[in-house]
Amino acid sequence: MNKSDYLLEIRRQLDNSTVYVKLQRDPTAATRQIISDTLLKYTELGVLDLKTCEFLTNLHPVIPVFYTIPKIHKNLEKPPGRPIVASTDSILSPLAIYLEKILTPLIRSSKSFILDTGSFLDILKEVGPIPPHSTLVTMDVKDLYMSIPHIEGINSVHKLLTQSGFLPDHINLCIELLTIILTRNYFLFQDDFYLQTRGTAMGSNVAPPYANCYMADFEESQIYLSFSFPR
């Protein structure tokens, strides 16, 4: 893919004002202060120990950068790009890792969770012989990560933590850290800083379990209550 088409595709995405807004300055310092105040509050409450607090504090963060992965299976000449925020070692990275470690084991208990292809084949064996002329169907949510509304996604995580027996103060900590990740998701492209205002970003450790949590909650309320499945 030539550079001009690649940059044109990125600019097309960043010009979507419903998802991205350009910032006037580097928001790292302000984000650091918000994180510091939050960690101090929960350390004083006894929810966080000093070791965990130190892990969640990145004193020398790397600025996240934006790039895309061309979806050549959709168009070979001018492929659309899958947006990625490279956030490794960023100021939000420790928070995302912390939440990923908490949410990933919990989401595996949802009805529709499938670990991998082998797991899917095991489920089919449990169902029994598939009737002749049957058709296996899969569905996909278009731009899922960028489409999850913050309030609904946060509520899904809150519900999962509550159902899993987490104490209220720990739930509040997780929700505040998640809110920081979602609402302070900034990045650099060339010389400009941007903020993602909708959904979550590919590249964040917590994004996969967060999306899975949202979809599991959606399926519980919109699918499993209306249909009966042999799961």
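Helices (H or I, at least four residues) and strands (E, at least two residues) are runs assigned by DSSP and numbered from the N terminus, and Ile123 is found in one of them, helix H5. This is a predicted model, in which local features need a pLDDT of at least 70 and side-chain atom pairs count only at pLDDT 80 or more, while totals for chains, interfaces and linings use all residues. Residues are numbered from 1 along each chain as its sequence is written, and side-chain values use heavy atoms, with hydrogens and water left out.

We can begin with the whole chain. The protein has nine helices and five strands, and from the N terminus these elements follow one another as α-β-α-α-β-β-α-α-α-α-α-β-β-α. Along the principal axes, the C-alpha atoms fill a box of roughly 60 × 55 × 30 Å. If contact is taken to mean heavy atoms within 4.5 Å, then 76% of the contacts between residues at least 6 apart in sequence join residues that are at least 24 apart.

Accessible areas come from the Shrake-Rupley method with a 1.4 Å probe, and for residues only the protein chains shown count as cover; the protein exposes about 14000 Å², of which carbon and sulfur atoms supply 58%. A residue is called buried under 20% relative accessible area, exposed over 50%, and partly exposed in between, with a 1.4 Å probe and protein chains only, and buried residues make up 39% of the 231 residues.

In soluble globular proteins, nonpolar side chains tend to be buried together. A nonpolar core is defined here as a set of buried Ala, Val, Leu, Ile, Met, Phe, Trp, Tyr and Cys residues joined through side-chain atoms within 4.5 Å. The largest such core in this protein has 44 residues, of which Tyr98, Leu99, Val157, Leu161 and Leu177 touch the most other members. Among the elements that give two or more residues to this core are helix H2 (28-44), helix H4 (93-107), helix H7 (150-163), helix H8 (168-183), strand E5 (192-196) and helix H9 (207-224). H8 gives the most, with nine residues. Val157 touches Leu103, Ile175, Leu178, Tyr210 and Cys213, when residues up to four places away in sequence are not counted. There is also a second, separate core of 11 residues, which includes Val19, Phe66, Val85 and Met146.

Tyr98 is placed in helix H4 and is buried, with a relative accessible area of 16%. Leaving aside neighbours within four places in sequence, Tyr98 is in contact with Leu48, Thr52, Phe55, Leu56, His170, Leu173 and Leu177. A polar contact is a pair of N or O atoms within 3.5 Å, where within protein one atom must be able to donate a hydrogen and the other to accept it, and where residues adjacent in sequence count only if both atoms are side-chain atoms; one of 3.0 Å joins the side chains of Tyr98 and His170.

Thr68 has its place in strand E2 (residues 65-70) and is buried, with a relative accessible area of 6%; leaving aside neighbours within four places in sequence, Thr68 is in contact with Tyr6, Ile10, Gln13, Gly81, Arg82 and Pro83. Thr200 lies in the loop between E5 and H9, yet counts as buried at 3% relative accessibility. With neighbours within four places again left aside, the contacts of Thr200 are Tyr145, Met146, Leu182, Ala207 and Tyr210.

We now return to helix H5. At the start of H5 (residues 117-127), a side-chain oxygen of Asp116 reaches to within 3.3 Å of the backbone nitrogen of Gly118, and H5 is followed by Gly128, whose phi is positive, near 105°. Ile123 in this helix is buried, with a relative accessible area of 15%. Ile123 and Leu92 are 31 residues apart in sequence, and their C-alpha atoms are 37 Å apart in space.

Finally, two loop residues other than glycine have a positive phi. His133, in the loop between H5 and H6, has a phi near 65° and is exposed, with a relative accessible area of 83%. Gln190, in the loop between strand E4 (186-189) and E5, has a phi near 55° and is partly exposed, with a relative accessible area of 45%.
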